[in-house]
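Subject: Handover of a structure, with notes

Dear colleague,

Please read the notes with the model open beside them.

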Amino acid sequence: MTALLEVSDLVRHYALPREKLFGPAPVVQALNGVSFTLQAGRSLGIVGESGSGKSTIARLVMALDKPTSGSVRLQGLDLHQADAAALKTARRDFQMVFQDPYGSLDPRQTVATIVAEPLAALAGSSARERRERAAETLAEVGLRSSDLDKYPHEFSGGQRQRIAIARALITRPRLIVADEPVSALDVSVQAQVLNLMQDLRERHGVSYLLISHDLAVVHHLCDEVCVLHRGLVVERGDPAQLFAHAQHPYTQALLAAVPRAEPPDMR
């Protein structure tokens with residue numbers, strides 16, 4: 001069976017400005033041969049510290065950047081070898097939720113325009129159909145149809161991220177790439193958004209590629225986890241088992257860095 005997403009030997013190096021006129025250009029090795037697969041209906045978490053290459057994976061999977069080498073296949077289609085027409089058609093099946101819910105929404109557009117934007121880009125639907133679909137999708141994320149004519153600044157951070165999720169969901173994608181989707185939210189709101197994402201997964205069968213530094217978030221939402229260190233996957237497995245019995249020293253260090261509440265000293 002063909003995997004929903006197949007990433008093979010993905011390498012991405014970035015050339016920096018020359019430090020000397022005749023010297024070689026420095027190179028940042030963001031990814032050094034990352035491979036993983038994701039089956040339909042399952043969710044995979046990518047964890048690691050800042051600079052490990054997590055967001056680079058997200059950009060390459062979304063075809064927002066080109067790899068130095070390697071491939072990204074969605075339902076068998078190589079996204080970086082596909083022509084513009086094929087890639088545009090394929091985008092119906094993969095969407096993205098960004099980290100900052102305010103920065104990812106155009107403050108000059110209404111919620112109706114923002115949520116329906118992917119449908120407008122794909123064409124084939126009328127303005128009335130897009131508005132009706134936007135209203136239906138807003139209801140699925142816990143907002144009202146009366147919110148369609150409001151602007152992003154009229155909502156809380158958690159509500160704005162619900163709008164961003166609605167925008168990603170409106171094409172009924174097979175895959176949603178979520179790059180730190182709750183890290184900019186208050187702790188009390190994070191659980192609400194994660195529960196919403198889990199509910200949508202069960203309702204629509206959508207798969208998530210979740211990029212996060214928060215091990216608890218990955219444990220809550222994902223079936224598998226890849227631990228990324230210096231552009232390489234150093235460990236992969238079931239979140240509960242991997243976090244309980246980490247084998248790689250880097251994974252062990254990540255787990256050791258998680259703050260734990262200690263009971264007060266009663267002496």
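Which elements make a right-handed β-α-β unit? Strand E7, helix H6 (residues 187-204) and strand E8 make it, where right-handed is meant in the sense that, with the strands pointing away from the viewer, the path from the first strand over the helix to the second runs clockwise. Helices (H or I, at least four residues) and strands (E, at least two) are DSSP runs, numbered from the N terminus.

Before going further, please note that this is a predicted model, in which local features need pLDDT of at least 70 and side-chain atom pairs count only at pLDDT 80 or more, while totals for chains, interfaces and linings use all residues. Residues are numbered from 1 along each chain as its sequence is written, and side-chain values use heavy atoms, with hydrogens and water left out.

The sheet

E8 belongs to an open sheet of 6 strands in the order E6-E7-E8-E3-E9-E10, with mixed pairing; two strands count as paired if DSSP finds at least two bridges between them. The edge strands, each pairing on one side only, are E6 and E10 (232-237), and the twist averages 20 degrees from one strand to the next, taken between axes that are lines fitted to C-alpha atoms (for helices over the stretch in contact), with angles running from 0 to 180 degrees between N-to-C directions.

E8 (residues 207-212) runs parallel to E7 (residues 175-179), to which 5 bridges join it, and Val177 stands opposite Leu209 of E8 in that pairing. E8 also runs parallel to E3 (residues 44-47), here with 4 bridges, and Val47 stands opposite Ser212. E3 in turn pairs in the parallel sense with E9 (residues 224-229) over 4 bridges, where the partner of Val47 is Val227.

The pockets

A pocket is an open set of points on a 1 Å grid over the protein atoms alone, where a 1.4 Å probe fits, with protein on both sides within 12 Å along at least five of seven lines; lining residues have an atom within 4 Å of a point. The largest pocket has a volume of about 360 Å³, volume being the space filled by probe spheres set on the points, which are joined across faces, edges and corners. Of its 14 lining residues, Met62, Arg91, Gln95, Met96 and Pro118 lie nearest its centre. Helix H3 gives the largest share of this lining, 4 residues.

The second largest pocket holds about 200 Å³ of space and is lined by 16 residues, of which Ser50, Gly51, Ser52, Lys54 and Ser55 lie nearest its centre. Strand E2 (27-38) and helix H1 (54-61) are the elements that give two or more residues to this lining.

A loop residue

Asp106 is found in the loop between E6 and H3 and is partly exposed, with a relative accessible area of 22%. The C-alpha atoms of Asp106 and Pro152 are separated by 7.6 Å, although these residues are 46 residues apart along the chain.

With best wishes

Methods:
Buried < 20%, exposed > 50% of the residue type's maximum accessible area, 1.4 Å probe, protein only.
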